[in-house]
Amino acid sequence: MSNDILKIGNKEFSSRLLIGTGKYATFEETRRALEESGADIVTVAVRRVNISDRSKESLLDYIDTKKYTILPNTAGCYNVEDALRTARLGREAGLSNLVKLEVIGDEKTLFPDIIGLLEATKILVKEGFVVMPYTNDDVIMAKRLEDAGAAVVMPLGAPIGSGLGIRNPYNIKLIMEAVSVPVIVDAGVGTASDATLAMELGVDGVLMNTGVALAKDPLKMARAMKLAVESGRLAYLAGRIPKKLYASASSPIEGTIGS
């Protein structure tokens with residue numbers, strides 16, 4: 001699998017698991033979970049980390065920037081202006097020109113404001129950002145985000161933090177057919193089987209946070225998610241057998257080698 005590369009913008013990554021840094025009990029637990037996950041890309045909420053006074057302890061002290069690519073995100077932004085300001089702040093602080101763009105439209109469901117998201121994507125692309133927008137599982141919006149210059153599209157599997165898994169795999173598949181940029185499932189993954197299912201659909205990656213951070217044992221779950229993403233990707237590349245209504249003998253008498 002060493003030659004199975006995920007390309008985002010002009011960067012290449014060997015891991016297809018992207019992992020967040022929120023909700024862990026301690027910064028040290030965060031650091032250890034990142035190691036167990038095998039991820040190359042680590043998301044950091046710009047609004048929730050100390051990037052102005054580096055003399056004080058910060059999450060960034062526990063992330064090896066030589067090992068991980070930091071993906072700043074605009075979590076907690078409910079309008080275009082806040083999202084733009086947060087993305088710019090992350091870049092000015094030297095985090096990255098990558099941005100996981102969130103423009104939240106509803107406080108209860110945390111569903112995206114897709115109109116605001118599209119507007120912010122267009123602006124940030126013009127400013128030279130590599131934009132990775134968190135969107136709903138709407139194939140039309142996914143295509144519009146690609147047309148606006150998004151480097152990837154990131155449809156939700158289920159609401160953020162819900163752990164409900166992939167609620168509509170058919171929409172995810174339609175999005176994959178409609179766009180030529182990478183498709184990364186973002187939000188809703190609760191356990192390893194959810195991640196495997198997503199990868200077996202053929203998506204390019206899975207981004208998660210809560211499913212690992214709030215597990216009873218985050219370190220074990222981080223390792224499980226690493227293996228799940230790898231397993232699902234390998235199964236997708238291998239190609240599953242067709243589903244059939246009736247049985248088919250596993251050891252037929254004719255037509256196979258060694259029969």
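Predicted model: local features only at pLDDT ≥ 70, side-chain atom pairs only at ≥ 80, totals over all residues.
Local features need pLDDT of at least 70 and side-chain atom pairs count only at pLDDT 80 or more, while totals for chains, interfaces and linings use all residues. Residues are numbered from 1 along each chain as its sequence is written, and side-chain values use heavy atoms, with hydrogens and water left out.

View 1. Helices (H or I, at least four residues) and strands (E, at least two) are DSSP runs, numbered from the N terminus. E4 pairs with its neighbours, pairing meaning that DSSP finds at least two bridges between two strands. Three bridges link E4 to E3 (residues 17-20), running parallel, and here Gly20 faces Thr43. On the E5 side there are five bridges, again parallel, with Ala45 opposite Asn73. E3, H1 and E4 together form a right-handed β-α-β unit (right-handed: with the strands pointing away from the viewer, the path from the first strand over the helix to the second runs clockwise).

**View 2. The side chains of E4 are tucked away on both faces.** Five of the five residues in E4 are buried (buried is under 20% relative accessible area, exposed over 50%, partly exposed in between; 1.4 Å probe, protein chains only). Ile41, Thr43 and Ala45 point one way, and Val42 and Val44 point the other. In a regular strand, side chains alternate between the two faces of the sheet.

**View 3. Phe27 and Tyr62 make an aromatic pair.** Rings of Phe, Tyr and Trp (its six-membered ring) pair if their centres lie within 6.5 Å; planes under 30 degrees apart are stacked, over 60 edge-to-face, and the rest tilted. The count by this rule is one pair: Phe27 and Tyr62, tilted, with 5.4 Å between centres and 45° between planes. Phe27 is in helix H1 (residues 27-37) and Tyr62 in the loop between E4 (41-45) and E5 (69-73), so the pair ties together parts 35 residues apart in sequence. Phe27 is partly exposed at 31% relative accessibility, and so is Tyr62 at 23%.

**View 4. Ser96 sits in a loop and is buried.** The loop runs between helix H2 (80-92) and strand E6 (98-101), and Ser96 has 11% relative accessibility. Leaving out residues up to four places away in sequence, Ser96 touches Ile70, Pro72, Gly90 and Arg91 (contact: heavy atoms within 4.5 Å).
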